[in-house]
Amino acid sequence: MQLHAEYAARLAATTGEVAAMLSETRQLADQLAVARRDLAPIRSAAAKGQVVFAAGHLDERGYLDLVGNMYAREQDIITMETALRDRQIAIQTLVGAGLPTVDLPAEPALSQAKGGGK
């Protein structure tokens, strides 16, 4: 009876943990989608900044700010992608995804092994 209660408690805790991780994963995926969407205009601004800087119509500080912003956003995306993969791996580890299944013997065989049989 105690073993069953401990199992139920661990199962409930793990279920809650997985639910929290799934929620975090969804939030992170949403943030990543926004960052990816915003990257194209940032890259475009940096490319235009390079042209304007080369023509002498933009100071070096302004150009470096545009390029730095682009690299910072790219780094943010890489960090979010890594965090997302880490969360996915943690969830798979927690639930045992990919592990082989184990076929347990039928209940009477367990009773006999403990001396409850013949």
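A residue counts as buried when its relative accessible area is under 20%, as exposed when over 50%, and as partly exposed in between (1.4 Å probe, protein chains only). Helices here are DSSP runs of H or I with at least four residues, numbered from the N terminus.

This is a predicted model, where local features need pLDDT of at least 70, side-chain atom pairs count only at pLDDT 80 or more, and totals for chains, interfaces and linings use all residues. Residues are numbered from 1 along each chain as its sequence is written, and side-chain values use heavy atoms, with hydrogens and water left out.

Start with the pair of helices. Helix α1 covers residues 2-54 and helix α2 covers residues 60-95. Their axes, lines fitted to C-alpha atoms over the stretch in contact, come within 8 Å and cross at roughly 160°. Angles run from 0 to 180 degrees between N-to-C directions. The crossing therefore makes α1 roughly antiparallel to α2, a label for angles over 145 degrees.

Now follow α2. This helix has 36 residues and reaches 52 Å from its first C-alpha to its last. That is close to the 52 Å expected at 1.5 Å a residue, taken as 1.5 Å times one less than the number of residues. Its buried residues are Tyr63, Val67, Met70, Ile77, Met80, Glu81, Ala83, Leu84 and Ile91. What covers them includes α1. After α2 comes Gly96, with a positive phi near 75°.

Asp38 is partly exposed, with a relative accessible area of 25%. Asp38 and Arg73 are 35 residues apart in sequence, yet 8.5 Å apart in space, C-alpha to C-alpha.

Technical notes
Helices (H or I, at least four residues) and strands (E, at least two) are DSSP runs, numbered from the N terminus. Angles under 35 degrees count as roughly parallel, over 145 as roughly antiparallel, 65 to 115 as roughly perpendicular and the rest as oblique. Contact means heavy atoms within 4.5 Å.
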